[in-house]
Amino acid sequence: MTLDRLVCANCSGPVSEGRCPTCRASRARLMQQQGFFASLSPTALIALVTALVACVLIARHAFA
């Protein structure tokens with residue numbers, strides 16, 4: 001889940017802005033939980049998967 005889509009139930013503002021203590025706590029917790037793939041955009045993730053599939057197909061063809 002990305003911060004730009006979350007809305008705070010306490011202040012009704014975007015969590016990414018951190019308007020209230022609840023927003024700031026949620027933002028800090030989500031930042032700690034995010035891994036490498038969470039920071040990638042969906043387009044970059046699709047490109048990464050496509051490149052991986054292409055590498056597998058090339059390797060399969062080369063060693064067959």
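Tutor: A contact is a pair of residues with heavy atoms within 4.5 Å. Among contacts in the chain between residues at least 6 apart in sequence, 15% join residues at least 24 apart. The model is predicted, and local features need pLDDT of at least 70, side-chain atom pairs count only at pLDDT 80 or more, while totals for chains, interfaces and linings use all residues. Residues are numbered from 1 along each chain as its sequence is written, and side-chain values use heavy atoms, with hydrogens and water left out.

Student: What makes residues 21-33 the helix α1?

Tutor: Helices are DSSP runs of H or I with at least four residues, strands are runs of E with at least two, and both are numbered from the N terminus. Helix α1 has 13 residues. The expected span of a helix is 1.5 Å times one less than its number of residues. For α1 that expectation is 18 Å, and the 19 Å from its first C-alpha to its last is close to it. In total, the chain has two helices and zero strands.

Student: How do you know that the buried residues of α1 line one face?

Tutor: Buried means under 20% relative accessible area, exposed means over 50%, and partly exposed lies in between (1.4 Å probe, protein chains only). In α1, the residues Cys-23, Ser-26 and Leu-30 are buried. Seen down the helix axis, the buried residues of α1 fall within an arc of 70°, so they line one face. The arc is that of the directions from the helix axis to the C-beta atoms. On the face turned away from the buried side, α1 carries the exposed residues Pro-21 and Gln-32. Across the 64 residues of the chain, 14% count as buried.

Student: Why is Arg-27 called partly exposed?

Tutor: Arg-27, which lies in helix α1, has a relative accessible area of 26%, and is therefore partly exposed. The C-alpha atom of Arg-27 is separated by 9.6 Å from that of Leu-6, 21 residues apart along the chain.

Student: Why is the pair Arg-19 and Glu-17 called a salt bridge?

Tutor: A salt bridge is a side-chain nitrogen of Lys or Arg within 4 Å of a carboxyl oxygen of Asp or Glu. The closest N and O atoms of Arg-19 and Glu-17 are 2.8 Å apart, and the pair forms a salt bridge. A search of the whole structure finds one salt bridge. Arg-19 is exposed at 52% relative accessible area, whereas Glu-17 is partly exposed at 46%.

Student: What makes Leu-45 part of a nonpolar patch on the surface?

Tutor: Patches are made of residues with over 30% relative accessible area and no salt bridge; like charges are joined within 9 Å, and nonpolar side chains (Val, Leu, Ile, Met, Phe, Trp, Tyr) within 5 Å. Leu-45, in helix α2 (residues 42-62), has a relative accessible area of 34%. The patch comprises Leu-45, Leu-48, Val-49, Val-53 and Leu-57, with about 410 Å² of accessible area together.

Student: What makes the phi of Ser-12 worth noting?

Tutor: Most residues other than glycine have a negative phi. Phi of Ser-12 is near 60°, a positive value in a residue other than glycine. Ser-12 is in the segment before α1, and Ser-12 counts as exposed at 59% relative accessibility.

Terms used. Accessible areas come from the Shrake-Rupley method with a 1.4 Å probe; for residues, only the protein chains shown count as cover.
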